[in-house]
Amino acid sequence: MTAPPRPRAARFATFMFFGLNGFAMGMWVVHIPNIERATGISHSTLGALLLVLGGAAFAGMQVAGPLVDRLGHRRLVPAAGVLMGLAVCGPGFADSWWTLGLGLIGFGFGNGSIDVGMNSHAVVVERAYPRPIMAAFHAMWSIGGAIAAVIGAATLGAGVPTGVTLTGTGLLCVLLSVLSARFLMEPDAVPAPDAPAAASGPVGTRRPPGRTVWLLGLLALALMLSEGVANDWAALHMEKVLGTSASTAALAYGAFAVAMTTGRFLTDRVAAWAGPAAIVRYGATLAAVGLTTAAAAPWVPLSLVGWALFGLGLSGGVPQLFSAAGNLDTRASGALMARVVGLGYVGLLAGPALIGGLTRWMPLNVTFGVPVVLCVLAAVFAGVLSPKPEPVEQPVGS
């Protein structure tokens, strides 16, 4: 009988999976222009295929959630990593819209599966620690994407074929996923939380888990929709509204991304002191102030400050929501997390499209009022992360 893995080893393995997922997604993103040229598709066709990628990822999340509860993390998470690794190779060899579509279905499904699996495992590892550690895992995803941007730029500059680069990416994902399986933890290796704690989310409350998980999912949708707006529209806002050059405009997203990554490395310490509800409440409020500043600022430096505040405010909220969902019911952690992660992913995809549609009727900076309002609503309803104490029954005759 093998000894259960130590929390530190499981934590390292979880960091690796988050980093690998960010790295694989980043390598796909930096090669999109090459793949578009190789397949001869138009921008509109690419947009439709990206929706296929998103739909496949959502499906993967909903399938992986119940499976991780049934099969366990040591089976599901490495299998999802292997699937993602094999599937990321496909787009690199696509030569038409339909071969690219097939490749993106597989890649999206694998990405959605590992997204739920690694977040569910992160909740288990966090239970083994006396302090919150979830936000740092999400920061590692961003680090993986940044590494992909650097390596991808180098291989593109060297003229390495896209198929070769993505195949190398896939083999790395497969190898590390298989090697790390033995270090993953199962829920029964860590005592289930039996009372609400400052950093464990709404555990032990009388609110029905089904209702709570949907509230958490709607909050994730609001915050990740706001994140999606920054991903796709920050640079365009600087260029179109403030009239900057393309290189200066890129600083807007850079300020947002750096602030978000830095904030996620700092969030766990703050959450241990203030609690998850405070992270969501005050973070969403800061995000609303930041985006309002970015949208209304007449000067580039002030707008950059606004985008940085927006990223810092959003950095800690989503990890708290995922952690809370995974702790609602330890027997169905994966299935519950699939709902929250899935709704958040819908917001991430819908945000840029919603803003694009609204620009037909109003200026771009005015459309940012939508994510501002959503951040305010997230701040108002952050109390879902603060369970009410159980009523104390008074003895008869007292």
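Which helix does S177 lie in? Select α7, residues 162-180, and you'll find S177 there. (Helices here are DSSP runs of H or I, at least four residues long, numbered from the N terminus.)

A quick word before going on. What you have open is a predicted model, so local features need pLDDT of at least 70 and side-chain atom pairs count only at pLDDT 80 or more, while totals for chains, interfaces and linings use all residues. Residues are numbered from 1 along each chain as its sequence is written, and side-chain values use heavy atoms, with hydrogens and water left out.

**Stop one: S177**

Stay on S177, which is buried at a relative accessible area of 1%. (Buried means under 20%, exposed over 50%, and partly exposed in between, with a 1.4 Å probe and protein chains only.) Now show the backbone oxygen of C173: a polar atom of the S177 side chain lies 2.6 Å from it. (Contact means heavy atoms within 4.5 Å.)

Select α5, residues 97-127. This helix has 31 residues and reaches 45 Å from first C-alpha to last, close to the 45 Å expected at 1.5 Å a residue. (That expected span is 1.5 Å times one less than the number of residues.) Of those 31 residues, 24 are buried, so α5 is largely enclosed by the rest of the structure.

Zoom in on N119, in this helix. Buried or exposed? N119 is buried, with a relative accessible area of 0%. Leaving aside neighbours within four places in sequence, show its contacts: F18, M134, H138, F322 and M337.

**Stop three: the largest pocket**

The largest pocket holds about 1,700 Å³ of space. (On a 1 Å grid over the protein atoms alone, a pocket is an open set of points where a 1.4 Å probe fits, with protein on both sides within 12 Å along at least five of seven lines; lining residues have an atom within 4 Å of a point. The volume is the space filled by probe spheres set on the points.)

To centre your view, pick V29, W141, N231, D232 and L348, the closest to the pocket's centre of its 44 lining residues. Then colour α1, residues 7-30, which gives the largest share of the lining, 8 residues. By class, the lining has 27 nonpolar, 13 polar and 4 charged residues. (Ala, Val, Leu, Ile, Met, Phe, Trp, Tyr, Cys and Pro count as nonpolar, Asp, Glu, Lys and Arg as charged, and the others, Gly among them, as polar.)

Key:
Helix = DSSP H or I, 4+ residues; strand = E, 2+ residues; numbered from the N terminus. Polar contact = N/O pair within 3.5 Å; in protein donor to acceptor, adjacent residues only side chain to side chain.
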